[in-house]
Amino acid sequence: MGWNLVMAAAQALSIAIDPAAWTQVQRIEWPGESHRVEVVQPVAGMYRTGCGDLPAASPSGGQHSFRMGEYCKQLVVLIDLSAGTSDPQLAEAFLARHEAFHVAAQMYGSKIPLEFLEIEPSLVERFAGSSAFQPLFAEVDALLAALDSGGELSCPALVDAYRALADDGRRYLDYKMFWEWPAEFYAQQTTFGSDTASYRNFRSRLFNGGNEGFELFVAGVEAGLILDRAMGREAWQKAVAEGSSMFDLVLATAGCAGPERGVRVRMRRVELL
C-alpha cells in the first residue's frame, strides 16, 4: 500500500500517482515540471496555492465541492469538505487521491470517448444516489464472489441488469462508471490495499449527512479486482487509458459484448474553473 502524498502547506497535499496502483503513469502529459497534483482545502475562505490565492465558492446547502484543472502549469484540485466527513484525516487523504487521479491519470493521461466528455445536469439531479442501479451493482459483487470461491465469470445476469435500466439511467451510469470506477479503484488501492472490508465500511459512512449511492464506488473497486484476476492489472489499465470503460471490460472478460462507444480523444488542457 503506497502513501504517495506529502504535506505541502496547511490544508494542502501534494500527490504523486503511484505506478503500482496505476500502471499507465507514463501516459500523463504533465503541464509543467511538477509531476504531482496539488490538492488544496480552503482556509479563511481562500484556497492558498503555490501560485497565489483563489477564492472559495460560497457553501451550497451543506454540499462538498470538488474543482480541478490546470493552474500556473500545475495540476490542482480544490476540495471543500467543510460539510463534514466521518474521519477527516483519512477522508482528506482518500479523496485527494481519488480527485488527483481524475485530473492527472484521466484528464491528462487517457483517451476519453466523446460521449463521456460531459453529462446533462438534469441526469445528475435525477439519478445521483438512485437505488435503480442496485441490481447491477449486486451482479458485480456476485461476479467477484464467484471468483473468490473458485468459480468462473458469467455475464448474462449482469447484462440483464444493465438492459433493464431506462435509457437515461444507462446514460448516467455509463458516464459515472467510466469516470468514477478507475479513480475509486486507485484511491482504494493506495489507501487501503487489500483491506477491502475496512474500505467498504469507510465508504459507506464517508460523508456526514448521507452516503446514498456509495455502492457505485464499491462496485468500481470490485470491478478492478475482477479485472486484475481476469486480465492482469497492466493489460486492463492500458485498455482503460486507451478509452475503454471498466464495465465494458468486465463484460468482455465474462464473455459478453459491451455497448458500442464513440470516438476517443485526449483532453489537451483543462482550465481550473
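The model is predicted: local features need pLDDT of at least 70, side-chain atom pairs count only at pLDDT 80 or more, and totals for chains, interfaces and linings use all residues. Residues are numbered from 1 along each chain as its sequence is written, and side-chain values use heavy atoms, with hydrogens and water left out.

**Overall fold**

- The protein has nine helices and nine strands; helices (H or I, at least four residues) and strands (E, at least two) are DSSP runs numbered from the N terminus.
- Its radius of gyration is 18 Å, close to the 19 Å that the globule rule gives for 273 residues, so the protein is as compact as a globular protein of that length. The radius is taken over C-alpha atoms, and the rule is 2.2 Å times the number of residues to the power 0.38.
- The C-alpha trace spans about 55 × 40 × 35 Å along its principal axes.
- Of the 273 residues, 52% are buried. Buried means under 20% relative accessible area, exposed over 50%, and partly exposed in between (1.4 Å probe, protein chains only).
- Among contacts with a separation of 6 or more, 70% join residues 24 or more positions apart; contact means heavy atoms within 4.5 Å.

**Nonpolar cores**

- The largest nonpolar core has 82 residues, and V37, V39, L136 and W181 touch the most other members.
- A nonpolar core is a set of buried Ala, Val, Leu, Ile, Met, Phe, Trp, Tyr and Cys residues joined through side-chain atoms within 4.5 Å.

**Largest pocket**

- A pocket is an open set of points on a 1 Å grid over the protein atoms alone, where a 1.4 Å probe fits, with protein on both sides within 12 Å along at least five of seven lines; lining residues have an atom within 4 Å of a point.
- The volume of the largest pocket is about 1300 Å³, volume being the space filled by probe spheres set on the points, which are joined across faces, edges and corners.
- Its lining has 38 residues, of which F66, V124, K176, E180 and F217 lie nearest the centre.
- β6 (65-70), α1 (88-107), α2 (121-127), α5 (167-191) and α7 (215-230) each supply at least two lining residues.
- The lining divides into 21 nonpolar, twelve polar and five charged residues. Ala, Val, Leu, Ile, Met, Phe, Trp, Tyr, Cys and Pro count as nonpolar, Asp, Glu, Lys and Arg as charged, and the others, Gly among them, as polar.

**Second largest pocket**

- The second largest pocket holds about 150 Å³ of space.
- Its lining includes L144, D148, Y199, R200, E222 and R229.
- At least two lining residues come from each of α3 (134-148), α6 (196-204) and α7, and α7 gives the most, with five.
- Six of the lining residues are nonpolar, one is polar and four are charged.

**Individual residues**

- R170 is in helix α5 and is buried, with a relative accessible area of 19%.
- Not counting residues up to four places away in sequence, R170 touches Y162, R163 and L165.
- T190 is also in helix α5 and is buried at 1% relative accessible area.
- T190 and F214 are 24 residues apart in sequence and 19 Å apart in space, C-alpha to C-alpha.
- N208 lies in the loop between α6 and α7 and is partly exposed, at 41% relative accessibility.
- Leaving aside neighbours within four places in sequence, N208 contacts H64, A83, G84, T85 and S86.
- N208 and A83 are 125 residues apart along the chain, with their C-alpha atoms separated by 7.0 Å.
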